[in-house]
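Subject: Structure for you to look at, with notes

Dear colleague,

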Amino acid sequence: MKNCTDGNITFCDDGNWWDFTLNNITNYTTIEYQNDPGFTLRYGIAATIFLSLAYGIVFVLGVVGNVAVVMVVFKSTGMRSATNQFIANLAIADLLVNFFCLPFTLVGNVFQAWILGVFVCKIVSYLQGVSVSASVNTLMAISLERCAAISFPLTGTMSKRQYRFSVILIWTVALTINMPLLFVFSTEPLGIKGSVAEVCVELWPSEDADNLFFAIANLTICYLGPLTVISICYTVIWRSVANRSIPGERLCNRQICVVNRSKVKLKTSSMSSSPLHNG
């Protein structure tokens, strides 16, 4: 018989090394990590329960709300304008956060150590950057679409082909610009004496590379660029609306107003002198 014991824990029986039991695995995990200071709760039981409830409420509301937006836009023919479809795209980016970021972020906040492995460390950080970039660029696309539609009402309407191209461009930029995060995020030891725990951190080759990525991807493409475009678009919209007369409105200077008053008086006097009126 093969020796498959480690203290009081039996890993196999009768030569079958794969004959684990759930009880054995649970005991092994408990014995390995129960005394490791890195695998303790970060804030205690009460705070952990509060965080879990808060994250759970945000998750449920986010999923229900964003799914409702997507369903309303794509199931109702009257709601499929370019602006509404961009809003649906914004909801999809939010769903990406709900499903792939919120649960893992909760786990990272509950425990001092990162317990989900290096792959999840990389993919969660990457998808967070993608969702933020897609959301910001979608808001910029909405401002451009509204600016064109209001300033040029006859020719500025976005076609389906232009909308699809815009969405593809938004997600291509978001997926590409955050690609370095897949390579720089990794796990390293927590640094607590006597602990085998690890944390999820950014490990850039140099500080200059970190600063360059931040300046290009975050500061320029995800903040200053969209902010500038949105500001210009809404300034143009404001000027177009401010200079546009209301339908049916007439410029009324002093002479025109006098003529209008005379017409009203003449009409009133003629009505008062009519036989029907007198009767």
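In this predicted model, Phe59 is partly exposed at 27% relative accessibility, where buried means under 20% relative accessible area, exposed means over 50% and partly exposed lies in between, computed with a 1.4 Å probe on protein chains only. Phe99 is also partly exposed, with a relative accessible area of 42%. Residues are numbered from 1 along each chain as its sequence is written. Because this is a predicted model, local features need pLDDT of at least 70 and side-chain atom pairs count only at pLDDT 80 or more, while totals for chains, interfaces and linings use all residues, and side-chain values use heavy atoms, with hydrogens and water left out.

The structure holds 3 aromatic pairs, a pair being rings of Phe, Tyr or Trp (its six-membered ring) with centres within 6.5 Å, called stacked if the planes are under 30 degrees apart, edge-to-face if over 60 and tilted for the rest. One of them joins Phe59 and Phe99, whose ring centres are 5.8 Å apart and whose planes stand at 85°, so the pair is edge-to-face. Since Phe59 lies in helix 2 (residues 45-75) and Phe99 in helix 3 (residues 82-100), the pair ties together parts that are 40 residues apart in sequence; helices (H or I, at least four residues) and strands (E, at least two) are DSSP runs, numbered from the N terminus.

Phe86 and Tyr163 form another edge-to-face pair, at 5.1 Å centre to centre and with 65° between the planes. Phe86 belongs to helix 3 and Tyr163 to helix 6 (residues 160-177), so this pair links parts 77 residues apart in sequence, and both Phe86 and Tyr163 are buried.

Helix 3 and helix 6 pack at an angle of about 25°, with their axes 11 Å apart; axes are lines fitted to C-alpha atoms, for helices over the stretch in contact, and angles run from 0 to 180 degrees between N-to-C directions. The two helices, helix 3 and helix 6, are therefore roughly parallel to each other (angles under 35 degrees count as roughly parallel, over 145 as roughly antiparallel, 65 to 115 as roughly perpendicular and the rest as oblique). Contact means heavy atoms within 4.5 Å, and the contributors include Phe86, Asn89 and Ile92 of helix 3 as well as Tyr163, Val167 and Trp171 of helix 6. The residues of this contact divide into 9 nonpolar, 3 polar and no charged, where Ala, Val, Leu, Ile, Met, Phe, Trp, Tyr, Cys and Pro count as nonpolar, Asp, Glu, Lys and Arg as charged, and the others, Gly among them, as polar.

Helix 6 also packs with helix 5 (residues 117-151), the axes coming within 8 Å and crossing at roughly 145°. Among the residues that meet there are Tyr126, Val130 and Asn137 in helix 5 and Ile170, Trp171 and Val173 in helix 6. By class, the contact of helix 5 with helix 6 has 10 nonpolar, 3 polar and no charged residues. Asn137 is buried, with a relative accessible area of 7%, and touches Ile170, Val173, Ile221 and Pro226, not counting residues up to four places away in sequence.

For the chain as a whole, there are 10 helices and 4 strands, and buried residues make up 30% of the 279 residues.
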